[in-house]
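Colleague: Could you walk me through reading helix packing and pockets in a model like this? I'd like the general idea and then the case at hand.

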Amino acid sequence: MLALPEVVSLVAETTDNPRADFSDTPLWLSLVKALLIFVYLLLSTLLVIWFERRVIGRMQQRPGPNRNGPFGLLQTLADGMKSMLKEDVRPKAADAFVFTLAPLITATMCFVSFSIIPLAGDVWMFGHRTPFQLTDTSVAVLLVLAVAGVGIYGVVLAGWSSGSTYPLMGGLRATAQMISYEIAMGLSLVAVFLYAGSMSTSQIVGAQQDLWFIIPAFFSFFVYLITMVGETNRLPFDLAEGEGELTGGFHTEYGSMRFAMFFLGEYINMFTVAALATTMFLGGPAAPPGVAAINDGMFNEGWWGLLWFTAKLWMFMFVFVWLRGSLPRVRYDQFMRFGWKFLIPATLAWVVLVAFFRAGQNGWLGGSVDVAGRRFPVTSLFLVGVIAVLALVGGWLWDRRAEAQEAAAHPTVPDEVDPYAGGYPVPPLPGQRLREPSLDVPALTPGSETKEAVRG
């Protein structure tokens, strides 16, 4: 019993505790923050629907919504009221309970994922100093991936409970797509865990004070960008809603507020994956590098973090909208082949390289050398050299393959052509010269039959 305090202190020192301090956060203040996050997401959803329709309208040289309210800002609210007042129709063969449960699962799981996202640093709120984050754990990022996995149940249950063929096929296809790309998404975040040394979101944000992880983990960021579009079923990967193949996909039989819940869940999920990308790769609520140095970080504290976080978040939302207005839908088999045969193996190889690189930085795999006045681990230099050689060899093989394909597609045309080389007169191509007919043409013998002889 006397040694128990020492054991507790030792465990506290070695445990990966979150960086955020919630000691001055009573329960009622946590409820207030939960309400603020809920309102923040709802207002952002109303705004992004209008933003998407206006931006795509501008890209397609049309005005977009411009009637209800100034600049059409109230159009999304009008659409929501229309969904509330529409008749609620349910197919006769549908499972009534599961048919209603599916959109509820989809709409609620996205809000749960946002609970561990740090929207700002420590702020003063009603006389208490608290992080503008609902909660944090030592495995907070795994919580987001787990909740996203639960959200898939809403899709597959919606397709099954509709009692129709096309929703069932759409639900199965959407589920396979989301599960496949969640694997690559989870693997892309492992490199961030290795650099930060933690899976706590507050710890990851704190580890990016000097350098955002988008630079050292650039390949993970590239993979995450692709997987977050596939995870949210957005163009060019909205294969769950292929109108020419599955009508409307898993929500074909839904209408009124049930359909509005799926619609809301899709946009909240977009904000969730964009917020996770902001937290993992762009420093979360941290100010941009130039602004963060002004007046000893004056713009990098308190409520300023909410401004920077929102700006980064909307940068990703513009990417979503830009992709939808620019790219066509890809083929389903090509999309799944790309995920399983390229993204997952490439991300696994990248994680192994990052693990060796971090081990070299920690001095576990040999010493270091001085290059231009700076000390570099031997393992890191070796890995950089291997990657450079592999990149050169891969580029050379790619060029050889491209040249072979180009040669096969455009065979060399000779300058001169023998019109009777194959036994039949062949007209020359433009730019070709005719040469004298060769004497190698097979002569007709009494036993040979011509086409005229066969026809009689």
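**Reading helix contacts and a pocket**

Modeller: Val-141, Leu-145, Ala-148, Gly-149, Ile-152, Val-155, Val-156, Gly-159 and Trp-160 of helix 5 touch Pro-167, Leu-168, Gly-171, Ala-174, Thr-175, Met-178, Ile-179, Glu-182, Met-185, Gly-186, Leu-189 and Phe-193 of helix 6, contact meaning heavy atoms within 4.5 Å. This is a predicted model, where local features need pLDDT of at least 70 and side-chain atom pairs pLDDT 80 or more, while totals for chains, interfaces and linings use all residues. Residues are numbered from 1 along each chain as its sequence is written, and side-chain values use heavy atoms, without hydrogens and water.

Colleague: At what angle do the axes of helix 5 and helix 6 cross?

Modeller: Axes are lines fitted to C-alpha atoms over the stretch in contact, with angles from 0 to 180 degrees between N-to-C directions. Here they cross at roughly 170 degrees and come within 8 Å, so the two helices are roughly antiparallel (over 145 degrees).

Colleague: Which residues are closest to the centre of the largest pocket?

Modeller: Rolling a probe the size of a water molecule over the atoms shows where empty space is left. A pocket is an open set of points on a 1 Å grid where a 1.4 Å probe fits, with protein on both sides within 12 Å along at least five of seven lines. The largest holds about 820 Å³; of its 28 lining residues (an atom within 4 Å of a point), Ile-49, Thr-76, Asp-79, Gly-80 and Phe-263 are closest to the centre.

Technical notes:
Grid points are joined across faces, edges and corners, and a volume is the space filled by probe spheres set on the points. Helices (H or I, at least four residues) and strands (E, at least two) are DSSP runs, numbered from the N terminus. Angles under 35 degrees count as roughly parallel, over 145 as roughly antiparallel, 65 to 115 as roughly perpendicular and the rest as oblique.
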